[in-house]
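Please open the model in your viewer and keep the selection panel at hand.

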Amino acid sequence: MNKLAWLMCGVVTVGCGGRPSGWDTPYTPASGQNGLSAAYGLTGSVAVLDPSLGRVTLLSSPAQLKLESRSIGLGKNLVAARASDDRKTLFALSRGVQPQRTPSDERPQLLLIDGGLTPKVSRAYTLTEPMAQLVLDPQNEWAVVYGGDGVVVNLNELVLVNLRQTGEDALSSKTLLSFGGSPRRFTFTTPLSVPGGDPRRFLIVERDSDLVLIDLASPSRDAVTIPLPSADNGGTASLAQVVYDAASASIAVRVTGSTSVLLLQLAAPTTRGEDYSVVPNLVDVGGQPAALDFVHNSQGLRLVALVGSNAVLVEPETATTQSVQMPAAFTGIRRITAELEPAGDGDVALLYGANVSKIAYFNLSGAPGALYRSIEPYDIGVSVKEVIDVPGEKFFDHKILQTPNQQFYVLDLHTRESAPMKTNGALSLEVAPDGERVWAYSSGQFGFASVDFASLHPVSLIAERQVSNVFDIESGSGQRTAIALHLGAWEGTGIGATVLDALSPSTAYARFYSGLELGGVK
Amino acid sequence: MRRSFYRSLVLLGASLSLALAASSAHAEPLAPHQPHLQASLGLRVSKVPDAGYDVFSNSDELAQLSLGLAGTLWRHQRFSLAAAGFWDYGQKGSNVRGSNTDLVVHRLTIGPEARYHLLPPLYLFVHVLPAFAHSSASLEDGVAQVSRYARHWSYGLDASAGAAFEVYGARSGESFRTRLWAMAEGGYGYLGSTSLELSPDAGQGPQRPAPVDLGSLSLAGPYFRVSAAVGF
């Protein structure tokens, strides 16, 4: 009967036609590996990657509890995607058609998508060669793409993308001189006040055995490569942490297996043709430091190194050190001066650790001889894995302390009160971009919750399907919308979402959306 | 069925040639061959180029079982006018991005059919039939774990022309002797678009489910129908 039908079809028309191949391509959420997450929260939309169709489905909320989806092609062979720090833009790096067979084959590209209420492609940069890694500047001025899997790959070739420019002019290729390593981590500095010139931003490239300084004011100029010191046992040290101080143009480098800290002072040029010079200095801090940061006390700039149960303050110019006993072996330090705006002329830092059940406030505005009195410990009963900032202006003086287990703390830096929050499963936290609440969820579970920073009142919610992510976005009505995604990794395949009013979340009013992967199939 | 179809096509072609050559050279009375009542069973294949149909099929064809009934109302020499009606039933299923879909279409057409006998055992016909269709589209929603439906009536018009050849019957028998006809027709079937907003049945699936909006579906397109009919 089927053959007869086809024969008749041929009689009726020249052919029966087909359908776009996208219909026959199942949706599979990105695994979170290889630089691709299943979904990204943006300011006015949630971007759900659809790698099998080489596109992103953007979910936005034009009105309360409404959800709108639109799909944007990201290019063939998507390899990396990142949301900008301000969540306004999604960056997508694709390899294009490889190998290229015709001039019209799609080229490798870096695509920028505006993640506002009406998502759209804002810019595209065409690359000459396929790259695999993407790094973004927190200030959205630069992007770096590098790495690849061609027949020959220069591991130290970076393509710097100047995001303030468009077209080919925005791209500059740079090969870093190497002593055998390849790029591991990147740090974009704020403008450093280098003597003898205007403040300039640097890109610090951390490699296996050295670090490279690229002057972003003139990226075509030669980069400066600084070899790392050896470990104390004579072996090779690897780079563990880089911190900098913008006002003094100082950089400090912590390496593994060494009691020394490498201090780099950017100074005025010493020879013709240079824009700046680098003065290195190796400072022994008396033990292997767990963390570094620059702080200011009443006497000026100091580098704090957390060494065992001591905080060692290093004066960068003279390399003199001063040690102060801490109440615990803290392994993390975070400056909180801007949040507290203290009356004194020194910084305040929050000390924490993954192996201690205390936190401490380290106030550096006191007299230099009374440092032991400047550390104010609080026993919170759990260790702290990570300190999460709260954006916005209303609760910027709050921090979220994420613990290695199923708890998190909301810490009010002004009152120094901490509110412990216990969860009943593994924990993922999503701070709302407006900085007024945090969402807690466990991927694969039905339950999720919102904690409002004003009241610290948790609202527990049980979705009707398993939740993979929760995002808090701006809606068209000027309100906030919470989107709990159901990406079908457990039952069925597809993109679904429970949509709630983020300011007054309740599953009694939530709306359920699904089949979102079926829109715009071509 | 395939053998019968090929045989019908050959016979139809041969008959048309004969008719052109000898249309006036038969002594056989025409009237007994003009069917008074006719019931048919056949296959209708439509080409549905609408993008909405892609959800339910990986090709554009829609095959339907076709049942027909016709009765002659008026005769004058080689011409006759009949009332004809068809019920076409078809089902098509597919899988889109991992979700099963299904489309069930009932189409009812009824209206006048004009016939012209070239030869006693061969007549040509045209008909223009108002159409009423009911479509039931469904989607197995794996995330919501529920079946979603879009059920709609739509209206349109079928216009086609064809030929019928008497493959069995008394050569000069009485008017009410049973005769077997092979019929073939082609034309265009128009139907209005219907929405493909698929929702679960009341009380099914998650609370307050928003419909899955897959656009619209139009089943309009050219079609071809072959059938076998019993007439007397």
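Two strands are said to pair if DSSP finds at least two bridges between them, where strands (E, at least two residues) and helices (H or I, at least four residues) are DSSP runs, numbered from the N terminus. This is a predicted model, in which local features need pLDDT of at least 70, side-chain atom pairs count only at pLDDT 80 or more, and totals for chains, interfaces and linings use all residues. Residues are numbered from 1 along each chain as its sequence is written, while chains are lettered from A and ligands numbered from 1 in the order in which they are written.

Select residues 202-207 of chain A, which make up strand S14: six of the six are buried, so the strand is largely enclosed by the rest of the structure. Buried here means that 20 or more other C-beta atoms, placed from the backbone, lie within 10 Å of the residue's own. A:Phe202, A:Ile204 and A:Glu206 point one way from S14(A), and A:Leu203, A:Val205 and A:Arg207 point the other way.

Two residues lie between S14(A) and S15(A), which form a hairpin.

Finally, select chain B, which has one helix and ten strands, and where 43% of the 232 residues count as buried.

Key
Buried ≥ 20, exposed ≤ 12 C-beta atoms within 10 Å, placed from the backbone.
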